Amino acid sequence: MASSEGFLTKGQREMMKIAAENAEVMSSVSLATSPKFPGPKSPGQNSSLLTEHHHHHIKAPGGQSAAHGGVAVRHVRRTHSGKLGRVKKVHLVLRTSFNFKLKIDGAGGKGTWGKLLDTDGESFIDHNDPNYDSGEEPYDLVGATVSDPLDEYKKAVVSLIEEYFSTGDVEVAVSDLRELGSSEYHPYFVKRLVSIAMDRHNKEKEMASVLLSALYADVINPAQISRGFFMLLESADDLAVDILDAVDVLALFVARGVVDDILPPAFITRARKMLPETSKGFEVLQTAEKSYLSAPHHAELVERRWGGSTHLTVDEVKKKISDILREYVESGDTSEACTCIRQLGVSFFHHEVVKRALVLAMEIQTAEPLIHKLLKEAADEGLISSSQMVKGFGRLAESLDDLALDIPSAKKKFESLVPRAISEGWLDATFVKSSHENNGEKVDKNDEKLRRYKEEAVSIIHEYFLSDDIPELIQSLEDLQMPEYNPIFLKRLITLAMDRKNREKEMASVLLSALHIEIFSTDDMVNGFVLLLESAEDTALDILDASNELAFFLARAVIDDVLAPLNLEEIGNMLPPNCSSGSETLRMARSLIAARHAGERILRCWGGGTGWAVEDAKDKIQKLLEEYESGGVVGEACQCIRDLGMPFFNHEVVKKALVMAMEKKNDRMLELLQVCFTEGLITINQMTKGFNRIKDGLDDLALDIPNAKDKLKFYVEHGKERGWLLPSFG
């Protein structure tokens, strides 16, 4: 006997059986609760309807089965008015667990079940029937795969990440992500990269951090980086289920992001406000801030926590390059040297190989043919790209004046080498044109006066780094009698310091403070930093982390009162529109200054003081104030403060003087501060910082000095009256 399910296959019938059972329940409830359904008048009636449906098959009128004939038999029912009415079709669309869409058409009306749900009757469709409805035609089951673009993206990035962890090739990973497109999903990439690395070894964790730094701003914008990290914080509770130390590891990733400047310092504060205090994400932020970012020398601690196994410091890379070149000169094995250069994995830094190789050829005459052979072969093999070769030659051209001090024949040798390299095909001819550019200083290279000044300036700076004698350096500059070149001296000073150790960086910052007080104007400082920022991209070719170093020099200049915060805006306005690297460095400097405890952090970034520890400076200040308080002379106290040579740290003098005034209950310290201010020894900026430090620690101070708040209020008014503080203070 043909049934209404006769058009289905056996497998489809099984699925239909399940669907029909579900449809009975769904339709019964739907019909019984529909506002259009006259329905039962009472709960009892409703129950009887459902009971009847579950226990009886609905048949054709008259209690007979559906008849065989030329027309399709339809069910009819009597309405509440007693009239016969044509039933309405019920279409049920079900989605099965197999992701198939199943449409069941029926001939049932209100309160009835018909068509496919009739199992007792037989029917077929007559296309000639006046009541024929194409909607009654049987439907085939059609499989449809629903694809989500985000799911596809996630699958693709997992493959990309795994390949990166396998090869360690940052450039390929960056290129692959850029080609993948779908930039709106980049926060998911950040989340996926970090979450996968969290469950791997330290090597992969370090690799993930390095890749994020490489992608920052160039491929993934800062807002997307922050969004990706926030998504990680939101899912920290889930991550902790699978990764036991998830909180600590994720906290370290956040701290590393702040240290690497891919997350702003304010990220932790903003994210904390958006997370429940009981969540693991909130705990991650607390751990990042208290355990990592607040620790002494935290930047170095965070960067070395995973061993730094995927990258070397600039100094380490330079040392390895020098070792490779010297071994090559001894052995003459070009193939081995190329292999060693390739294994360094720093193709973006091959210009350093070129520069150091050329310098070595100038230093050791017998090495010249070997070096030329190595560079030619490296260029022919594609190991050193054309652009890296040009950059290497360009960097050497820029440093020829300095190099000539040690190798008198350097310029002559270089001038004879360039045409030879071009003719042999391992140096692009465009170098000749680019070599005439002057590294951003916009002056004529033939200016003999400027050339002589540069030579003298470099010699003076080198002498200062050896002797640490600021008065001698100032005298030497005054003897030159070329104050118009002060900005160029500043540029040379910081450029040379950036390529040296922290001691020289600290000495350079201290010297800027002294020069600003003695002979350099604020305009000299501003113009010098503009020159530095204009040439920041070129400087980065020689010093990989030049942007970070220069940002710290700018921030330190503000902290030391060499520059005012408004000077940063002035510097930004003076930069050319296409100076993206300089603008980014300026932005980083502003972020450093805006961070919590910025003053202390920036002062400590290179060790603090001219070789002193910060604690030593504090002890000296404490002793000179105690000596003054016990009956010392104001003039001697001022001279001792001056002899400290740390004008950027005079806020410590203000703080300790105010605390002693509170403790001793006399105004002698206020008299000292007045003299220091009148003589210009302590500036308004340093006064303000000192008062702010007292205000920040007032709660702790009040434990020892109960009336500390009243005292501070009095001192603030006193300071405002005498011009130490701005009227807006407090």
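R420 is partly exposed in this predicted model, with a relative accessible area of 36%. The side chain of R420 meets that of E424 in a salt bridge, with 3.2 Å from N to O. E424 is likewise partly exposed, at 31% relative accessibility. Side chains of opposite charge can pair when their charged atoms come close.

A second pair of this kind is formed by E455 and R451, whose closest N and O atoms are 2.3 Å apart. Both residues belong to helix α21, which covers residues 448-467. Because E455 and R451 are four residues apart in that helix, about one helical turn separates them. An α-helix has 3.6 residues a turn, so residues three or four places apart point the same way. E455 has a relative accessible area of 24% and counts as partly exposed; R451, at 23%, is also partly exposed.

The salt bridge between R256 and E206 has another setting. The closest N and O atoms of R256 and E206 are 2.9 Å apart. Elsewhere, E652, K656 and R693 are linked in a network of salt bridges. The count for the model comes to 20 salt bridges.

Helix α5 takes up residues 186-198 and contains S195. S195 is buried, with a relative accessible area of 14%. What does the side chain of S195 reach on the backbone? A polar atom of this side chain lies 2.9 Å from the backbone oxygen of K191, and the side chain also reaches the backbone oxygen of R192, at 3.0 Å. Leaving aside residues up to four places away in sequence, S195 touches L232, L239 and I243.

Another residue to look at is K154, in helix α3 (residues 149-167). K154 is partly exposed, at 34% relative accessibility. Its C-alpha atom is separated by 7.5 Å from that of F189, although K154 and F189 are 35 residues apart along the chain.

Just after α34 comes G680, which takes a positive phi of about 80°.

How many disulfides does a search of the whole structure find? The search finds zero.

The totals for the protein chain place these details in context. The chain has 37 helices and five strands. Of its 730 residues, 44% count as buried. Among contacts in the chain with a separation of 6 or more, residues 24 or more positions apart account for 73%. The protein chain exposes about 37400 Å², of which carbon and sulfur atoms supply 51%.

How values were computed
Residues numbered from 1 in each chain as written. Predicted model: local features only at pLDDT ≥ 70, side-chain atom pairs only at ≥ 80, totals over all residues. Heavy atoms only, no water. Helix = DSSP H or I, 4+ residues; strand = E, 2+ residues; numbered from the N terminus. Buried < 20%, exposed > 50% of the residue type's maximum accessible area, 1.4 Å probe, protein only. Contact = heavy atoms within 4.5 Å. Areas by Shrake-Rupley, 256 points an atom, 1.4 Å probe, with all protein chains shown as cover. Disulfide = S-S within 2.5 Å. Polar contact = N/O pair within 3.5 Å; in protein donor to acceptor, adjacent residues only side chain to side chain. Salt bridge = Lys/Arg side-chain N within 4 Å of Asp/Glu carboxyl O.
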